[in-house]
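Good morning, colleagues. Please have the sequence and the structure in view.

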Amino acid sequence: MASTEIARQAGEGVRAVPLAGHVGFDSMPDQLVNKSVNRGFCFNILCVGETGLGKSTLMDTLFNTKFEGEPTQHNQPGVTLKSNTYELQESNVRLKLTVVNTVGFGDQINKEDSYKSIVEFIDTQFEAYLQEELKIKRTLHSYHDTRIHACLYFIAPTGHSLKSLDLVTMKKLDSKVNIVPIVAKSDAISKSELAKFKIKITSELVSNGVQIYQFPTDDESVAEINSTMNVSHLPFAVVGSTEEVKIGNKMVKARQYPWGTVQVENENHCDFVKLREMLIRVNMEDLREQTHTRHYELYRRCKLEEMGFKDTDPDSKPFSLQETYEAKRNEFMGELQKKEEEMRQMFVQRVKEKEAELKEAEKELHEKFDRLKKLHQDEKKKLEEKKKSLDDEVNMFKQKKTAAELLLNQAQQAGGSTTLKRDKERKNFFMFL
């Protein structure tokens with residue numbers, strides 16, 4: 001409101017005071033910094049690479065900390081992801097660092113599905129964050145964000161070309177995470193071989209359409225150094241070591257060999273310092289932002305489109321959430337009724353089939369019963385005939401027995417009278433004498 005209007009409303013004779021002094025909203029950046037510092041930060045790193053390429057050692061060297069961990073074996077049946085979270089503090093800034101390691105990556109004979117568990121892990125973190133966003137009562141301010149902000153892909157220092165496993169895995173991951181390729185244990189090959197190897201890796205990534213993380217160049221303060229890194233130093237050739245060796249008058253991190261010493265923080269020996277600068281000091285916040293605005297948004301959009309949510313209808317008009325919900329609900333209810341009808345028809349069909357089977361079984365049982373009944377009747381008839389025959393034989397035997405007994409009695413009677421007559425004659429003979 002102009003000062004003349006203020007004077008007119010307040011009445012004549014009242015002097016208007018313009019706002020020419022210091023108000024103080026220029027302190028908002030300081031307020032945001034203080035609030036962020038008090039809340040702390042989180043950063044999640046995914047280390048992908050074959051066993052024995054020095055992933056754990058490089059993490060210890062990057063953050064100058066000895067992280068807890070056990071050496072992994074080469075006999076893993078599949079690829080598993082192991083996550084560890086650490087609380088770090090530098091000055092008055094607290095960082096919740098999560099390091100995810102791919103245990104058993106590249107150790108199997110059949111490496112065709114090695115990338116699947118990694119993709120599933122990244123999607124699981126996105127899904128957890130999306131579910132937290134979709135809650136009615138959200139707690140994003142205190143939610144532990146486990147989404148992967150940077151993927152350090154460790155490449156074996158073969159000096160020839162990328163392995164098929166590396167190309168396939170990076171191709172599957174480039175739309176889900178910020179990939180920073182690293183030539184691990186780069187002291188294993190000479191400088192000339194390393195330069196050729198870097199060029200070979202870059203050309204293979206471009207020819208296969210693999211999108212790696214590009215350091216941002218829109219900020220003038222870091223545009224020059226980031227452009228140089230994008231063009232000249234990717235992939236980074238690094239050497240990790242937690243051992244300190246005395247060089248001159250100071251102790252430095254290095255790897256000591258019979259032929260000499262490789263200093264980790266010497267830029268003439270490896271790109272470790274460049275990696276640390278780009279990853280932690282310069283572009284850590286951009287990695288977090290890219291994860292949220294690019295990779296997570298892509299996952300979120302695809303997931304919501306699968307659920308039926310859209311921004312506009314077929315007429316390019318705004319599509320409200322209520323309309324989307326109602327349309328999706330009606331579609332779901334229609335599919336549910338359709339499935340219920342199909343299930344009902346299937347149930348009726350199965351009942352009919354079962355009834356037909358039961359009728360057929362009943363018919364077979366009746367036929368079997370009739371056969372058994374007829375067989376039983378035939379057996380019974382035969383037994384009755386046999387019984388009748390036996391009865392006739394018994395009766396005949398009884399008749400023969402009766403006749404035999406009668407003849408025997410007659411014979412006994414006839415034999416008895418003859419004996420009496422003989423005894424009488426013998427008696428008379430003795431009496432005569």
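**Contacts, core and surface**

Let me begin with Leu97. Beyond its neighbours within four places in sequence, Leu97 contacts Phe43, Ile45, Phe63, Phe67, Asn84, Thr85, Tyr86 and Leu88, where contact means heavy atoms within 4.5 Å. Please note that this is a predicted model, in which local features need pLDDT of at least 70 and side-chain atom pairs count only at pLDDT 80 or more, while totals for chains, interfaces and linings use all residues. Residues are numbered from 1 along each chain as its sequence is written, and side-chain values use heavy atoms, with hydrogens and water left out.

Leu97 also belongs to the largest nonpolar core, which has 72 residues; Leu97, Leu152 and Phe236 touch the most other members. By nonpolar core I mean a set of buried Ala, Val, Leu, Ile, Met, Phe, Trp, Tyr and Cys residues joined through side-chain atoms within 4.5 Å. Helix H4, residues 116-134, supplies the largest share of this core, with seven residues. Helices (H or I, at least four residues) and strands (E, at least two) are DSSP runs, numbered from the N terminus.

Turning to the chain as a whole, we find ten helices and nine strands. Of its 433 residues, 30% count as buried; buried means under 20% relative accessible area, exposed over 50%, and partly exposed in between, with a 1.4 Å probe and protein chains only. Among contacts with a separation of 6 or more, 67% join residues 24 or more positions apart. The accessible surface is about 30100 Å², and carbon and sulfur atoms account for 53% of that surface. These areas come from the Shrake-Rupley method with a 1.4 Å probe; for residues, only the protein chains shown count as cover.

Next, the backbone. Where does the chain take a positive phi just after H2? At Gly40, with a value of about 90 degrees. Most residues other than glycine have a negative phi. Ser91, however, has a positive phi near 60 degrees, and this residue sits in the loop between strand E2 (80-90) and strand E3 (93-103). Is Ser91 buried or exposed? Ser91 is exposed, at 68% relative accessible area. Lys185 likewise has a positive phi, of about 50 degrees, and is located in the loop between strand E5 (179-183) and helix H6 (191-207). Lys185 is partly exposed, with a relative accessible area of 38%.

I come now to the charged pairs. A salt bridge here is a side-chain nitrogen of Lys or Arg within 4 Å of a carboxyl oxygen of Asp or Glu, and the count by this rule is 15. One of them joins Glu265 and Arg276, with the closest N and O atoms 3.0 Å apart. This pair links distant parts of the chain, eleven residues apart: Glu265 lies in the loop between strand E9 (260-263) and helix H8 (272-282), and Arg276 in helix H8. Glu265 is partly exposed at 41% relative accessibility, and Arg276 is partly exposed at 23%. Another bridge pairs Lys96 with Glu87, whose closest N and O atoms are 3.9 Å apart. Here Lys96 is partly exposed at 28%, whereas Glu87 is exposed at 57%. Finally, Glu133, Glu297 and Arg300 are linked in a network of salt bridges.
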